[in-house]
Amino acid sequence: VVVDNNNARLFRIDLGGQISVLAPSVNSADTIAGPAGMAVRDDGAVFALDCLPVNPCVGRLLRISPTTGSVTVITSSLQGPVGLALESGGTTALISESNVNRIDRVDLSTGAVTVLAAGLAGPGHIAIESGGATALFGVNCDLYRITLATGAVSQIPHGARPSGCWSFKGVAVEPGGATALVAASWNNGGGFLRINLSTGNA
């Protein structure tokens with residue numbers, strides 16, 4: 001499943017390269033306006049962040065049926081949601097909210113939102129680490145680790161990075177858990193970095 005933010009759609013792409021629209025763009029309360037982060041649960045259910053076209057952004061978490069494309073609003077109380085990751089078991093999700101500088105936990109059944117950590121200076125995309133007890137998220141060109149049981153936050157060492165690195169756009173933990181892949185932007189370019197989570201070197 002791929003998010004197309006510019007055209008407000010979610011696409012399904014099969015292994016043969018065939019593309020179909022999973023959820024169309026219709027700007028109403030039960031459809032999609034400006035999709036952002038996305039995650040797929042083991043049962044196939046698709047979850048996506050959405051931002052209604054107002055200023056400041058009215059953020060929502062949506063559940064999308066993988067068979068019909070029907071959309072259910074789980075919560076509409078988010079402010080500038082950027083990153084989305086499903087916790088182990090698939091009953092809760094972590095969401096980073098850049099407008100209010102925090103990471104929330106959302107109950108996917110009730111939509112209840114709990115603040116896990118605040119004062120984070122614009123947290124970006126988020127990824128659960130191996131074992132499910134911690135997660136990584138980016139702030140500017142730094143990685144941070146959050147302990148999911150307590151909300152405690154610590155910084156991954158700032159090792160060698162490309163000159164002029166200024167923003168991490170996405171993060172994924174590699175198998176084994178010793179490194180992370182990060183989509184990054186820097187002066188006059190951008191690309192993917194592999195970051196050693198012990199040293200912080202890219």
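## Reading contacts in a predicted model

Tutor: Start with D50, which sits in strand β5, residues 46-52. Keep in mind that this is a predicted model.

Student: Is D50 buried or exposed?

Tutor: D50 is buried, because its relative accessibility is 1% and the cut-off for buried is under 20%.

Student: Which backbone atom does the side chain of D50 reach?

Tutor: The backbone nitrogen of G34, at 2.7 Å. The D50 side chain also makes a polar contact of 2.5 Å with the side chain of R60.

Student: How should I read a charged pair, and which residue forms a salt bridge with D50?

Tutor: The general idea first. Side chains of opposite charge can pair when their charged atoms come close. Here D50 forms a salt bridge with R60, and the closest N and O atoms are 2.5 Å apart. This pair links distant parts of the chain: D50 is in strand β5 and R60 is in strand β6, residues 58-64, 10 residues apart. R60 is buried, with a relative accessible area of 3%.

Student: How many salt bridges does the whole structure hold?

Tutor: A search finds seven. One of them joins E87 and R105, with the closest N and O atoms 2.6 Å apart. That pair links distant parts of the chain too: E87 lies in the loop between β8 (81-86) and β9 (92-97), and R105 lies in strand β10, residues 102-107, 18 residues apart.

Student: Now the rings. How many aromatic pairs does the structure hold?

Tutor: One aromatic pair. The rings of F137 and Y144 have centres 5.7 Å apart and planes at 15 degrees, so the pair is stacked. To read any such case, remember that a pair of aromatic rings is described by the distance of the centres and the angle of the planes. The angle decides here, because planes under 30 degrees apart count as stacked. F137 counts as buried, at 1% relative accessibility.

Student: What about covalent links: how many disulfides does the structure hold?

Tutor: A disulfide is a covalent bond between the sulfur atoms of two cysteines. This structure holds one. C141 and C165 form it, with their sulfur atoms 1.7 Å apart. The link is right-handed, with 75 degrees about the S-S bond.

Student: Which parts does the pair of C141 and C165 tie together?

Tutor: C141 lies in the loop between β13 (134-139) and β14 (142-147), and C165 lies in strand β16, residues 165-173, so the pair ties together parts that are 24 residues apart in sequence. C141 and C165 are both buried.

Student: Last, the surface. Which residues make the nonpolar surface patch of about 260 Å²?

Tutor: V2, I13 and I19 make that patch. Take I13, placed in strand β2, residues 9-13. I13 is partly exposed, with a relative accessible area of 40%.

Note on methods. Residues are numbered from 1 along each chain as its sequence is written. This is a predicted model: local features need pLDDT of at least 70, side-chain atom pairs count only at pLDDT 80 or more; totals for chains, interfaces and linings use all residues. Side-chain values use heavy atoms; hydrogens and water are left out. Helices (H or I, at least four residues) and strands (E, at least two) are DSSP runs, numbered from the N terminus. Buried means under 20% relative accessible area, exposed over 50%, partly exposed in between (1.4 Å probe, protein chains only). A polar contact is a pair of N or O atoms within 3.5 Å; within protein, one must be able to donate a hydrogen and the other to accept it, and residues adjacent in sequence count only if both atoms are side-chain atoms. Rings of Phe, Tyr and Trp (its six-membered ring) pair if their centres lie within 6.5 Å; planes under 30 degrees apart count as stacked, over 60 as edge-to-face and the rest as tilted. A salt bridge is a side-chain nitrogen of Lys or Arg within 4 Å of a carboxyl oxygen of Asp or Glu. Patches are made of residues with over 30% relative accessible area and no salt bridge: like charges are joined within 9 Å, nonpolar side chains (Val, Leu, Ile, Met, Phe, Trp, Tyr) within 5 Å. Accessible areas come from the Shrake-Rupley method with a 1.4 Å probe; for residues, only the protein chains shown count as cover. A disulfide is a pair of cysteine sulfur atoms within 2.5 Å.
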